[in-house]
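Here is a short briefing on one protein model. Look at the structure first, then work through the points by topic.

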Amino acid sequence: MSSSEENVRLAAGDVELTISPRNGCRIESLIVGGAELLRQGPRYGCFPMVPWCGRVENGMFHDGAVTRQLPLNAPPHAIHGTVRDLPWRTARKESAGAVFTCELGDPWPYTGRVTQMAELTADSLTLTLGVETYDESFPAQAGWHPWFARDLGGEDVRIDFSPAWQEERGENHLPTGRRIDPLPGPWDDCFGMPDGVSVALTWPGRLELTVASRAEWAVIYDEQREAVCVEPQSGPPNGLNTHPRLVTPIDPLEIATTWSWRRL
């Protein structure tokens, strides 16, 4: 097994983080004070979403006058990008930090590079994503899809956040383009937070964790019994079509999120 395939383990105080480069640079485990915060399993943990987040309608997007077709991995749509299914390379590793890279290419119709950096302390985890192009400019999105455990051995987690709006969800599971007042959960919905993402998860008597980002969008998903998801991302679902953000040779896409926690 080469070093690029080995799991990377970081530690700070009583916090342990495990990242699997070969499994899409997925965070497989985040243990704080002996408690595993992420749902376990090869499809769960926390994975980066690049070069798009959520669903792309019918797997099609437009780049100027050119229409691009993506594989329909969640028929009738394409979902969550390509890099979660690709092997990554460990570019640098220290005791509490690491940097990983992944090459963009088929089935994404452009070449480029994605970089993920993880920085761990006893009280926080900061993740940073960068998306670069080698040649042509292209529209892109970036974000994360963490699966936080609903139960840490006590009461279920509580979700607290104050979005400016909710994207109305159509029957095709995509935003209609209409912004509405936030509705009560359960959710599989995108919310707008123009002052930055801030979502608090509280496991009563155990831990409070805040997901923060300068990004202005977050998808909240809590329809499963085992986990809840808080997904900071650079644009809404189907954003390659509705909110395209071009990555150019002189203007890469960068996004960061910090998870900070305190024991209760």
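Predicted model: local features only at pLDDT ≥ 70, side-chain atom pairs only at ≥ 80, totals over all residues.

Leaving out residues up to four places away in sequence, Trp-259 touches Leu-30, Leu-38, Cys-46, Asp-123, Ser-124, Leu-125, Leu-127, Pro-146, Phe-148, Leu-209, Thr-210 and Val-211. Trp-259 also belongs to the largest nonpolar core.

**Nonpolar cores**

- The largest nonpolar core holds 65 residues.
- Phe-148, Trp-259 and Trp-261 have the most contacts inside that core.
- There is also a second, separate core of eight residues. Among them are Tyr-44, Trp-147, Tyr-221 and Cys-229.
- In soluble globular proteins, nonpolar side chains tend to be buried together.

**The largest pocket**

- The volume of the largest pocket is about 450 Å³.
- Its lining is made up of 26 residues. Arg-55, Ile-79, His-80, His-145 and Asp-188 are the closest to the pocket centre.
- Which elements give two or more residues to this lining? They are S15, strand S17 (165-169), S19, strand S22 (217-221) and S23.
- By class, the lining of the largest pocket has nine nonpolar, six polar and eleven charged residues.

**The second largest pocket**

- The second largest pocket has a volume of about 200 Å³.
- Its lining consists of Ser-213, Arg-214, Ala-215, Glu-216, Trp-217, Ser-234, Arg-245, Leu-253, Glu-254, Ile-255 and Ala-256.
- Strand S25 (residues 253-263) supplies the largest share of this lining, four residues.
- Sorted by class, the lining of the second largest pocket has five nonpolar, two polar and four charged residues.

**Gln-141, a buried loop residue**

- Where does Gln-141 lie? Find it in the loop between strand S14 (138-139) and strand S15 (143-149).
- Is Gln-141 buried or exposed? Gln-141 counts as buried, because its relative accessibility is 1% and the cut-off for buried is under 20%.
- The side chain of Gln-141 reaches the backbone oxygen of Gly-235 at 3.3 Å.
- Not counting residues up to four places away in sequence, Gln-141 touches Met-49, Val-50, Pro-51, Trp-52, Cys-53, Ser-234, Gly-235, Pro-236, Gly-239, Leu-240 and Leu-253.
- Two of these names come back from the second largest pocket: Ser-234 and Leu-253 touch Gln-141 and also line that pocket.

**Positive phi angles**

- His-80 is not a glycine, yet it has a positive phi of about 65 degrees.
- His-80 sits in the loop between S9 and strand S10 (89-93). With a relative accessibility of 11%, His-80 counts as buried.
- Recall that His-80 is one of the residues closest to the centre of the largest pocket.
- Asn-238 also has a positive phi of about 65 degrees, although Asn-238 is not a glycine.
- The loop between strand S23 (227-233) and helix H1 (239-242) holds Asn-238. At 6% relative accessibility, Asn-238 counts as buried.

**Cis peptide bonds**

- Which form does the peptide bond from Pro-75 to Pro-76 take, cis or trans? That bond is cis, with omega near 5 degrees.
- Pro-76 belongs to the loop between strand S8 (66-69) and strand S9 (78-79).
- The peptide bond from Gly-185 to Pro-186 is cis, with omega near 5 degrees.
- Look for Pro-186 in the loop between strand S18 (175-180) and strand S19 (188-192).

Note on methods
Residues numbered from 1 in each chain as written. Heavy atoms only, no water. Buried < 20%, exposed > 50% of the residue type's maximum accessible area, 1.4 Å probe, protein only. Polar contact = N/O pair within 3.5 Å; in protein donor to acceptor, adjacent residues only side chain to side chain. Contact = heavy atoms within 4.5 Å. Core = buried A, V, L, I, M, F, W, Y, C linked by side-chain atoms within 4.5 Å. 1 Å grid on protein atoms, 1.4 Å probe; cavity = no way out; pocket = protein on both sides within 12 Å on 5 of 7 lines; lining within 4 Å. Points joined across faces, edges and corners; volume = space filled by probe spheres on them. Nonpolar A, V, L, I, M, F, W, Y, C, P; charged D, E, K, R; others polar.
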